[in-house]
Amino acid sequence: MQTNGEGKPGNVVVVGAGMAGLAAAKELADKGYNVVVLEARDRSGGRIWTDFSLDAPVDLGAAWIHGKSKNPIFDLARKSGIKTAPSSYNNSMLIDDNGKKVNGVQQLLNAGRANRILPRLKRLAKRLDKDISVAEAVRSILEESKMSNTEIRFLNRHLIEFQAMNGTSLEEQSLFALIDGPSEYSGGDLVFPEGYAQLFEGMAQGIHIKYREVVSEIKHDDHGVTVVSNKGTYDASAAVITLPIGVLKAGKVRFSPELPNAMLSSIADIKVGLFNKIAMRFEETFWNPDCDMFELVSSRSDFVCQFLNWRKFSKEPILVACFAADTAREWERLSDEETKTRMQALLAKLFGSGASKPTAISITRWGQDEFSLGAYSVVDPGATAAKFDSLGKPVGRLFFAGESTARSNQGTVPGAYLSGKRAAKQIAECSSMKKVSVVS
Ligand SMILES: Cc1cc2nc3c(=O)[nH]c(=O)nc-3n(C[C@H](O)[C@H](O)[C@H](O)COP(=O)(O)OP(=O)(O)OC[C@H]3O[C@@H](n4cnc5c(N)ncnc54)[C@H](O)[C@@H]3O)c2cc1C
């Protein structure tokens, strides 16, 4: 880093080159700060990861823009001229454990009654003073009303969707949070046929990113910040920390002095959900090429498995199996060979004898990924807004960003993006950050 003279914009180290880190770095660089981004992986994007190993771009981390209206990520894509395509859960084909189309449930879905469970949950939430889990709320709805078998399966389909969205079981999901958000955007979902990672091309332009820099310690005092990585030591006037909640929970990075107690207890309390993908290329398409998704409506409401028909968006014979919550945890423990064998059996069950063996396969294990240790933060029944807010509060010269610091849209790409911009703004508003500058 270059030394800056007194009064000139100072040096800032950003830890992590995911969406939050790059949003902060870009904003700070545009304001004239001297920024270096330290990233542990050999790529930017973090939990946004466009993989090309199937000879076509496939998103193995975030894939969707959930609700395009007023969504800053959609605006970013539009301004950068990046192609997006609508993707709808309502254009799903619902299949039971034996591969049979679930006709009654499909009809309810086709009739656009996809959100019938939400109004009931909302009515129940209004009557409560204290938060309960979604599982408890569902049990109480089932006790109150008589439902036909078809309606129960329809309900199960939604419960599977809630688990897929939040990456955790219904027992661990807050009813109040489900009712309030996190998605504050409307207007349909979109995917990036050529990959989410395109967003970073513009954002990373002119930003100094250093890869394979595994940060292990962050020292801070009234005068500055020192960030220690496996490759060196970086001094600056401020740091933006975008470490994932899983990494913070595991205590992989030491803070000296230690973070305030309120923050430490939030880190300990906030739960991390799991969402994994198995992307597969086949010789040819053996499924209906027009559906957006194939959803398994199992007799078990805790088997969370959906297949995104990537063929529709990429024109290549690719399916992406998505597993969440306990199902993701169970599959993540399997070896590659065991995963392939189980997947082959599942494909045969769901798609019949026409299902062929994948010619190439990419498997994620976000729970074991040392620079993520989970998919995204979860609002469980005990979590309060204050817990998430405390993770985003500056501590002296340390400024925090990342999806888990964004209470109103935690767990999402827009949440991460807006939190990065928030951290940059906090630094810019703090005049002392412009005066201290130390050389690395
Ligand atoms: C499978 C999956 C599917 C998802 N689907 C969606 C979706 O469809 N839509 C949506 O909006 N959101 C989705 N999300 C959530 C979304 O991806 C995240 O909320 C968002 O990308 C988080 O960005 P971030 O910058 O906060 O964190 P990250 O992207 O995790 O960035 C943090 C960075 O810090 C780096 N790092 C970690 N430890 C160290 C260290 N010691 N030293 C240096 N660097 C370090 C990491 O490598 C990483 O690059 C999904 C997530 C997953 C896992």
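Biologist: Which residue of E18 stands opposite methionine 293?

Modeller: Leucine 308 does. This is a predicted model.

Biologist: What makes strand E17 (residues 293-296) and E18 a pair?

Modeller: DSSP has to find at least two bridges between two strands. E17 and E18 have 3 bridges, in the antiparallel sense. The count meets the cut-off, so they pair.

Biologist: How do you know that E18 and strand E19 (residues 318-324) pair?

Modeller: By the same test, at least two bridges. E18 and E19 have 5 bridges, again antiparallel. Here cysteine 305 stands opposite phenylalanine 323 in E19.

Biologist: Why is strand E18 (residues 305-309) called mostly covered?

Modeller: A residue is buried if 20 or more other C-beta atoms lie within 10 Å of its own. In E18, 4 of the 5 residues are buried.

Biologist: Isoleucine 65 is found in strand E5 (residues 64-65). Is isoleucine 65 buried or exposed, and what makes it count that way?

Modeller: Buried needs 20 or more neighbours. Isoleucine 65 has 26 C-beta neighbours inside 10 Å, so it counts as buried.

Biologist: Which residues is isoleucine 65 in contact with, leaving aside its neighbours within four places in sequence?

Modeller: Asn71, Ile73, Phe74, Thr84, Asp189 and Leu190. Contact calls for C-beta atoms within 7 Å. Leucine 334 is 269 residues from isoleucine 65 along the chain, and their C-alpha atoms are separated by 30 Å.

Biologist: Why do you place the ligand where you do, relative to domain 1 (11-46 + 196-271 + 378-434) and domain 2 (50-88 + 188-194 + 272-363)?

Modeller: Both domains give residues to the shell around the ligand, so it lies between them. The shell has 41 residues, and the closest are Gly16, Gly18, Gly46, Ala62 and Gly402. Helix H1 (19-30), strand E16 (275-281) and helix H15 (413-429) each give two or more. H1 has the largest share, 3 residues.

Biologist: What makes up the shell around the ligand by class?

Modeller: There are 23 nonpolar, 11 polar and 7 charged residues. Gly counts as polar here.

Methods
Residues numbered from 1 in each chain as written. Predicted model: local features only at pLDDT ≥ 70, side-chain atom pairs only at ≥ 80, totals over all residues. Near = placed C-beta within 6 Å. Domains from an automatic or database assignment. Buried ≥ 20, exposed ≤ 12 C-beta atoms within 10 Å, placed from the backbone. Contact = placed C-beta atoms within 7 Å.
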